[in-house]
Amino acid sequence: MGPIRGLKRKKKVEKDVDQYTPLLSSLSHVCPSDWWVDFSKRISEPTCEPHDYYTEFLLCPTSAGTSVEEGNSVTFESMFKLSRKTFSYICSLVKDAMMSKPTNITDLSGKFLSLDDRVAVALRRLSSGDSLSIVGESLGIHQSTVSQITWRFVEAMEERGLHHIHWPTNQDDMKDIKSKFENIRGLPNCCGAVDTTHIMFCLSTADPSSKVWSDLEKNHSMILQAIVDPDMRFLDVLAGWPGSLSDSEVLKSSRFFELTEEGKRLSGEKFNLSNDTELREYIVGDSGYPLLPWLLTPYTGRELSDHQADYNKRHFATRKVAQRALARLKDKWKIIQGVMWRPDKQKLPRIILVCCLLHNILIDLDDGVQDEVPVTHHHDPDYGQQVGDSTDKSASIQREKLALYLANKLPPNVP
């Protein structure tokens, strides 16, 4: 499968976020406490041989080979990094797809793996980033079974969970987003913050595509682009393009770019900066993106005026929400945090997408466990700042007028 292009889905899903609320309040599946007691007894401290890192599709985390908990005090929350409420909701989402075929999946002792078991295995694989063998050994399951369950979970989430990532179509929802962004540092009419992160992996130099996947930092990587709301919720994601592409090139290849250029995104109410100046809806991004009428970037250079420097500070504080969202995504779902060993590049975009869906589900369900994950803005600590390749003249004028407005240097609105 090629890149996951924003909202281009297998099926067109036009659902309001509130549609999952009835399912949550009357779950057809509830995680029984005795299931967890039985499952936790199976957990053993994994061991790791060095060759494990070179024989599987896996992530190589610094924590690999360590126990899943400290002091043998494993809890449901420490194991899966989410609450039982969220776990039950996810089980309800994927139940039909996960339990359809095959039905005879067992652990090493021959015990049938229930829906809870299967979801638990998949979530552990995605959240820990441990290898198939490590996850399998710790849970008493063959590594091929871990692989089979995880991939079936990814397919099920794609089929049933896509409505958790969508661009707001309700004007009240968009007004709420704009208000929250403005409350950060005063930027009016802002609808989102865009940023990219690199999912790194090992690739043989003998591979014909090695140069394509080699990025500016000489790593092999795949790019994830995300547009985020003030609550760190993903509104639009794009995964699958090689790390050799610039942020600007990835943006221009996206469905979001196409829809916005066609006037189908960021085309809502305008904001009056002054009697003769209106500010259209827009998103903010760093200097790696082109300055466009609907994408405002910071000023560059050293000789900035006071109002331009002030605008940059406000802009940075506003777009930082995207950096923090991507950092939390990687901290929570560690399968995409480190360096993977020769992954299937057709499957990887779909795994990234499902991690984004799980990220949003935690926010949508107000899962308090997510608050325990440190929120930083260092999702790509080893990557330098890119510089955009183009500037739109009308966008440059709009940015300048916004900066003057924020500095109270535009003529006031007169009735």
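1. At what angle do the axes of helix 12 and helix 14 cross? They cross at roughly 90 degrees and come within 9 Å; the axes are lines fitted to C-alpha atoms over the stretch in contact, with angles run from 0 to 180 degrees between N-to-C directions. Helix 12 is therefore roughly perpendicular to helix 14 (65 to 115 degrees counts as roughly perpendicular).

2. This is a predicted model, in which local features need pLDDT of at least 70, side-chain atom pairs count only at pLDDT 80 or more, and totals for chains, interfaces and linings use all residues. Residues are numbered from 1 along each chain as its sequence is written, and side-chain values use heavy atoms, with hydrogens and water left out.

3. Helix 14 covers residues 393-406, 14 residues in total. From first C-alpha to last it reaches 20 Å, close to the 20 Å expected at 1.5 Å a residue. Asparagine 408, with a positive phi near 60 degrees, follows helix 14.

4. Buried residues in helix 14 are Ala395, Gln398, Arg399, Leu402, Ala403 and Leu406 (buried means under 20% relative accessible area, with a 1.4 Å probe and protein chains only). Seen down the axis of helix 14, these residues fall within an arc of 135 degrees, so they line one face of the helix. They pack against helix 12 (306-332) and several strands, including strand 5 (271-274) and strand 6 (277-279).

5. Glutamine 398 is in helix 14 and has a relative accessible area of 13%. Beyond its neighbours within four places in sequence, glutamine 398 is in contact (heavy atoms within 4.5 Å) with Glu278, Leu279, Arg280, Pro293 and Leu296.

Notes. Helices (H or I, at least four residues) and strands (E, at least two) are DSSP runs, numbered from the N terminus. The expected span of a helix is 1.5 Å times one less than its number of residues. Buried means under 20% relative accessible area, exposed over 50%, partly exposed in between (1.4 Å probe, protein chains only). The arc is that of the directions from the helix axis to the C-beta atoms. Angles under 35 degrees count as roughly parallel, over 145 as roughly antiparallel, 65 to 115 as roughly perpendicular and the rest as oblique.
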